[in-house]
Amino acid sequence: MSAATPCTDDCTSCTSDSPTPTEAGPVDARPGDDDEGAAPGPVRSRFAWCLTGSGHGLHESLELAARLPQVDLFLSAAGEEVLGIYEIPLDSLRKRFRVLRDKTASAVPVGRLYTDVYHTVIVAPATSNTVAKCAYGLSDTLPTNMFAQAGKLGIPGIVFACDTEPVVVTEAPHGWVTLRPRRIELDNVERLRGIDHARVVASVDELEQALTLRLHELSLSWITSSS
Ligand SMILES: Cc1cc2nc3c(=O)[nH]c(=O)nc-3n(C[C@H](O)[C@H](O)[C@H](O)COP(=O)(O)O)c2cc1C
């Protein structure tokens, strides 16, 4: 950890409200980092986008992520597997994003949150598994740790929960399937709505609206083809 960083990696009580966009210091090499040792960037300059093992909304979420400025992807282990199943190679994502993988028991890449570089944490799409963990304060994957630690730092979170309607039609690798989320999945989404610093969205359109609002709050814009 460099002297320029505001807090040690295992600290969960520091605040994260630096108002001035100055360069944060380099971070130490960490397992799971694509760019071990690289400087994280100016403070409050990046989106942390967590991908879980959901096929539902995966392509649409990645399309939105690609239109945002300064995005790092944080994958769950299942997320990484599902990307492979949908034939989205990690190398293709690395052309557009910094990619952090879930290779450690203690979610080491979460230490990046303490460098004060992220202004927003997004979990999209979020599996019913991740929604349940986030709703009950569990954190044992990279996305659930990012969500929990962001909340403790007061960093706003946006979660695109997949199982939000009585009937969900979703694209499986080999065709469309109809799912009927159980009461417990729907209840978990409702519980998640009550978690501090979290905004829950239930569709790609709602996710886009929430991101538009967040960009506006940050005085940022969507990337257009001409930008
Ligand atoms: C091809 C494929 C697609 C999947 N899509 C979904 C999905 O849309 N929603 C969901 O809740 N789980 C889905 N799963 C199951 C999750 O990947 C599984 O529950 C996993 O343990 C979730 O881990 P995570 O929440 O840590 O990413 C899918 C699994 C596979 C193999």
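Helices (H or I, at least four residues) and strands (E, at least two) are taken as DSSP runs and numbered from the N terminus. The structure is a predicted model, in which local features require pLDDT of at least 70 and side-chain atom pairs count only at pLDDT 80 or more, whereas totals for chains, interfaces and linings use all residues. Residue numbers start from 1 along each chain as its sequence is written.

On this basis the secondary structure of the protein comprises seven helices and eight strands. Burial was assigned from C-beta atoms placed from the backbone: a residue is buried if 20 or more other C-beta atoms lie within 10 Å of its own, exposed if 12 or fewer, and partly exposed in between. Of the 227 residues in the protein, 40% are buried. Contacts are defined between residues whose C-beta atoms, placed from the backbone, lie within 7 Å. Among contacts between residues at least 6 apart in sequence, 75% join residues at least 24 apart.

The sheet was examined next. Two strands are taken to pair if DSSP finds at least two bridges between them. Six strands form an open sheet with parallel pairing, in the order β3-β2-β1-β4-β5-β8. Its edge strands, β3 (98–100) and β8 (198–201), each pair on one side only. Neighbouring strands of this sheet are turned by 20° against each other on average, direction ignored. Helix α7 (residues 204–217) packs on the sheet, where α7 touches β4, β5 (157–161) and β8, and its direction makes about 145° with that of β8. For such angles, axes are lines fitted to C-alpha atoms, for helices over the stretch in contact, and values run from 0 to 180 degrees between N-to-C directions.

Strand β1 (residues 46–51) runs parallel to strand β4 (residues 118–126), to which five bridges join it. In this pairing Arg46 stands opposite Tyr118, and Trp49 has Ile122 as its bridge partner. Five bridges also pair β1 in the parallel sense with strand β2 (residues 71–75), with Ala48 opposite Asp72. Together with helix α1 (residues 58–66), β1 and β2 make a right-handed β-α-β unit; a crossover is right-handed if, with the strands pointing away from the viewer, the path from the first strand over the helix to the second runs clockwise. Six of the six residues of β1 are buried. In a regular strand the side chains alternate between the two faces of the sheet. In β1, Arg46, Ala48 and Cys50 point one way, Phe47, Trp49 and Leu51 point the other way, and all are buried.

The ligand is surrounded by 18 residues, of which the closest are Thr52, Gly53, Gly55, His56 and Ala78. Two or more residues of this shell come from each of α2 (77–85) and α4 (128–135); α2 gives the most, with four residues. The shell divides into five nonpolar, 13 polar and no charged residues, where Ala, Val, Leu, Ile, Met, Phe, Trp, Tyr, Cys and Pro count as nonpolar, Asp, Glu, Lys and Arg as charged, and the others, Gly among them, as polar.

Helix α2 also contains Leu83, which counts as buried because Leu83 has 22 C-beta neighbours inside 10 Å. The C-alpha atoms of Leu83 and Gly53 are 7.9 Å apart, although these residues are separated by 30 residues in sequence. When residues up to four places away in sequence are not counted, Leu83 touches Ile88 and Leu90. In α4, seven of the eight residues are buried, namely Ser128, Thr130, Val131, Ala132, Lys133, Cys134 and Ala135. Their cover includes β4, α5 (142–153), β5 and α6 (183–193). Gly137, which follows α4, has a positive phi near 75°.

Ala124 and Pro125 are joined by a cis peptide bond with omega about -10°, and Pro125 is placed in strand β4. Glu87, a residue other than glycine, has a positive phi near 55° and is located in the loop between α2 and α3 (90–94). Glu87 counts as exposed because it has 8 C-beta neighbours inside 10 Å. His197, likewise not a glycine, has a positive phi of about 65° and occupies the loop between α6 and β8. With 14 other C-beta atoms within 10 Å, His197 is partly exposed.

Methods
Near = placed C-beta within 6 Å. Contact = placed C-beta atoms within 7 Å.
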